[in-house]
Amino acid sequence: MSLLHTAVSLPFIGAMLIPAIYYYNKRIHPGYFALIIPIAAAILFILAQLNNQINQTLNWMPHIGLNLNFRMDGISLLFCMLITIIGALVIFYSIHYLNKREQLGHFYTYLLLFMGAMLGVVLSDNVLALYLFWELTSISSFLLIAFWNHKQKSLEGALKSMLITVLGGLMLLGGLLTLVTITNTFSLHEMVSKSDVIIQSPLFTTAMVFILLAAFTKSAQFPFHIWLPDAMEAPTPVSAYLHSATMVKAGVYLIARFTPIFALSASWIYIVTFVGALTLFWASFNAVKQQDLKGVLAYSTVSQLGLMMTLLGIGGLGVYHDHQPLFYAAVAACTFHIFNHASFKGALFMIVGIIDHETGTRDLRKLSGLIQLMPVTFTAAIISALSMAGVPPFNGFLSKEMFLSSMFDISESNIFNGPSVVLLLALVIIGSLFTFIYSVKFIKDVFFGHSPAVDKQVHEAPLFLLLSPLVMVAVVVITGLFPNILTGLIESASYAVLNKDIGHLHISHWHGINPALITTLLIFAIGTALVFAYKYWHSVYLLQRPNWTFNYVYQKGLTAVESISYHINNTIIASGIRKHLIIIFTALIVMTAVFLAQSPLNFGDWQLSEVRLFELILVVLILIATYMIIVAQSRIFSIIMLSAIGYSVGLFFVFFNAPDLALTQLTIETISTALFLMCFYHLPKLSRYEETIKFRLTNAVISVGVGLVVTIIALIAYGHRFSPSIAEYYIKNVYELAAGKNMVNVILVDFRGFDTLFESTVLGIAGIGIYTLIKLRDKKEVEHEQTEK
Amino acid sequence: MEVIMIILSGILISASVYLMLSRSLLRIIIGTSVLTHAVNLLLLTMGGLKQGAIPIYDEHLKRYVDPIPQALILTAIVISFAVTAFFLVLAFRSYKELGTDNMSMMKGVPDDE
């Protein structure tokens with residue numbers, strides 16, 4: 001076991017052990033055991049990086065190409081550090097956040113399962129393993145969102161996220177398999193080296209659409225963003241971990257991974273950039289109107305993910321144009337922002353959890369004036385919120401500044417021209433404006449104003465609960481003041497995304513007066529004005545009809561699918577045997593008719609035998625009897641007519657030189673008739689239940705159709721008998737080999753004895769079945785019959 | 001002769017399908033029996049009719065009727081008899097239990113929620 005494999009398997013081992021530990025040991029909180037794991041994993045990753053053991057293979061199922069090949073380049077390392085370190089902080093926070101009476105064993109099992117899956121996603125070089133871990137994150141996320149499974153809303157939110165992300169997961173499988181088909185390799189970095197083969201392949205667009213859908217669903221991009229706000233029903237540590245720092249960035253990671261391959265096409269750059277910008281605008285616009293603190297943060301997360309997508313789209317220009325280092329800055333900004341966003345958003349989620357914990361509510365309308373009551377929380381909140389808004393000197397400002405300057409640079413490219421640049425800039429700048437508004441509004445509404453209208457006695461949270469967010473805030477401040485400690489990580493991550501060396505990066509606070517800075521200042525000014533004038537313009541949100549939202553579409557779609565299924569069930573499946581038979585027979589007629597229509601009718605050559613008079617008489621007899629059965633009004637008459645047909649068939653066997661058949665047929669027909677007559681006494685009067693003309697017509701049409709197609713097929717088949725019968729062998733050897741003269745009997749018991757063995761078995765089973773049917777009944781019924789006697 | 005037999009089998013199949021689509025259990029069973037006869041005749045016909053002697057070996061004869069379809073039909077007759085017998089007893093028992101032989105009445109509980 002190499003270092004990387006050990007590190008990834010640690011969380012899975014922990015997930016198995018924690019429930020047992022928790023079961024036998026209720027005194028020590030299981031979170032402390034869980035805390036060891038991410039710390040150990042982080043140390044292992046650092047060791048692997050230092051010892052340069054960043055490429056490790058482990059064969060699992062080589063014959064289908066599923067191997068656990070791990071490869072840690074810059075972007076994987078960045079994600080691994082985020083996952084493990086934020087994981088450790090979140091676990092520490094949850095130890096003090098969750099109630100002792102919760103099902104803690106479950107919680108830490110799901111959390112560690114998720115952690116392992118996420119590490120697998122960012123480390124896997126093998127695409128099948130990537131897909132496997134990807135789905136594991138979906139499943140563990142589903143379990144975590146529905147952690148409070150007694151609440152209806154948690155279940156709904158979990159179901160929604162599951163449906164959307166698993167849809168995306170299946171798309172990912174499709175995309176990856178398409179790529180495997182094109183390149184004939186299961187390894188991601190080999191795919192990157194074959195990008196010129198992929199771009200020329202006719203399946204390129206298919207793969208691209210699949211991968212894009214997978215990334216957009218996982219990273220909650222427009223219009224798939226609807227699951228993220230509903231996932232806020234999860235416990236707050238889960239929201240902080242999954243829905244801010246790690247899982248929702250898996251889509252961003254995927255886009256980054258495939259940038260060197262797909263960014264060779266302009267449509268990829270267009271789609272990623274515009275979907276990201278649209279998401280950025282739409283989610284930040286909607287974040288302002290949320291009444292719930294976690295709702296604000298959820299929409300904020302969506303919009304920040306949109307920002308990362310836009311940056312990756314622009315970074316794709318660096319792949320598209322050779323030797324254009326101008327666009328490399330966008331990728332650096334993106335990786336930097338991944339880091340920054342994880343730090344301030346995780347902190348904010350934890351702070352909201354603390355506020356919820358201390359006041360008992362997350363409702364913005366009830367909360368106000370917490371600044372005197374919770375000063376430490378306020379300090380942490382204002383730093384992270386201002387970082388989110390992009391205010392200097394915090395780290396959010398730096399990545400926002402890099403973002404805006406990249407946006408102004410795209411006019412240099414020949415892909416974006418005229419109107420599209422204007423549209424993109426408008427979306428992005430208005431989105432950033434609203435980002436500023438909701439961040440400031442969040443602080444203003446929660447911490448300022450009169451004292452809160454809540455029932456609890458509010459006071460500062462305990463230190464241990466505050467520790468994790470404070471660590472995060474410290475990271476925000478430090479990376480804001482000294483951003484260049486991260487440049488090594490960002491450079492290697494950008495190299496991994498672009499597959500090109502981006503040169504030496506230097507992040508500075510002051511770029512001089514440029515369009516980006518002017519825009520930022522304008523955003524601050526207008527945003528501040530709008531925050532204080534909020535009550536004059538919030539009616540703009542009333543323009544949104546509730547049935548124009550994507551949530552409404554999703555709900556409608558869900559109910560439509562359910563009602564359609566219910567309808568199909570009721571009309572077709574639960575409709576009784578006759579409808580089923582009609583469907584089966586119609587399918588038979590239609591398929592045969594289509595098949596026959598393929599080519600002109602050709603009956604071939606019939607080798608006919610002569611017709612004799614008494615055979616014709618028999619035919620007429622059978623026809624009459626058949627007609628009589630159909631029109632019969634009484635039971636006894638139809639049974640007698642049936643035996644008439646049976647005996648006529650026996651006679652046919654006589655005419656056609658089949659003595660054994662005739663014998664058997666006559667015997668069996670006699671017994672059958674006797675059986676019918678025995679049951680006849682017990683069966684009701686023959687009611688035909690054919691009241692309506694429509695009913696009879698349907699039956700008639702279908703039966704005539706079936707008869708016709710069978711007849712035509714039989715006629716054609718009879719005219720096209722190409723091979724001689726194998727009967728010659730039997731005829732030649734019946735006496736020499738089998739010492740019998742009756743060929744039919746010899747075939748039955750010698751040449752093809754197995755048929756006969758199992759035919760006897762069938763008869764035996766039927767006998768046993770009949771016996772049990774008659775003998776085994778309810779006790780009540782038997783008693784009832786005895787009392788009648 | 002073969003064409004006549006094939007058409008006869010087709011007519012029998014039509015009749016059996018018509019019977020099987022009815023709502024009365026007894027008529028459905030009769031329909032399956034008619035179908036058996038139709039299929040047996042069809043099997044025999046497709047092997048060719050009256051192309052030789054009865055398939056009982058004799059040194060002086062050269063041409064016999066094809067024995068293989070006959071063996072197949074013999075098996076089919078017995079199996080269909082077993083099934084018909086079982087089906088009949090099933091019908092008798094279900095009538096005893098349910099008090100109806102109308103197939104459209106024999107549905108599960110409409111909403112078992």
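**Reading salt bridges in a predicted model**

Asp292(A), Asp356(A) and Arg362(A) are joined in a network of salt bridges. The model is predicted.

User: What lets side chains pair in this way?

Analyst: Side chains of opposite charge can pair when their charged atoms come close. In this structure, a search over all chains finds eleven salt bridges.

User: Which residue forms a salt bridge with Lys153(A), and how far apart are the closest N and O atoms?

Analyst: The partner is Glu233(A), with the closest N and O atoms 3.9 Å apart. Lys153(A) sits in helix H6 (residues 152-183) of chain A, while Glu233(A) is in the loop between helix H10 (227-230) and helix H11 (236-245), so the pair ties together parts that are 80 residues apart in sequence.

User: Is Lys153(A) buried or exposed, and what about Glu233(A)?

Analyst: Lys153(A) counts as exposed, at 56% relative accessibility. Glu233(A) is buried, with a relative accessible area of 18%, because the cut-off for buried is under 20%.

User: Where do Asp445(A) and Lys441(A) lie?

Analyst: Both lie in helix H18 (residues 418-447) of chain A, four residues apart, or about one turn of the helix. Asp445(A) and Lys441(A) form a salt bridge whose closest N and O atoms are 3.4 Å apart. Lys441(A) counts as buried, at 9% relative accessibility.

User: Which residue forms a salt bridge with Glu615(A)?

Analyst: Arg612(A) does, and the closest N and O atoms are 3.0 Å apart. Glu615(A) is buried, its relative accessible area being 0%, whereas Arg612(A) counts as partly exposed at 30%.

Methods:
Residues are numbered from 1 along each chain as its sequence is written. Chains are lettered from A and ligands numbered from 1 in the order in which they are written. This is a predicted model: local features need pLDDT of at least 70, side-chain atom pairs count only at pLDDT 80 or more; totals for chains, interfaces and linings use all residues. Side-chain values use heavy atoms; hydrogens and water are left out. A salt bridge is a side-chain nitrogen of Lys or Arg within 4 Å of a carboxyl oxygen of Asp or Glu. Helices (H or I, at least four residues) and strands (E, at least two) are DSSP runs, numbered from the N terminus. Buried means under 20% relative accessible area, exposed over 50%, partly exposed in between (1.4 Å probe, protein chains only).
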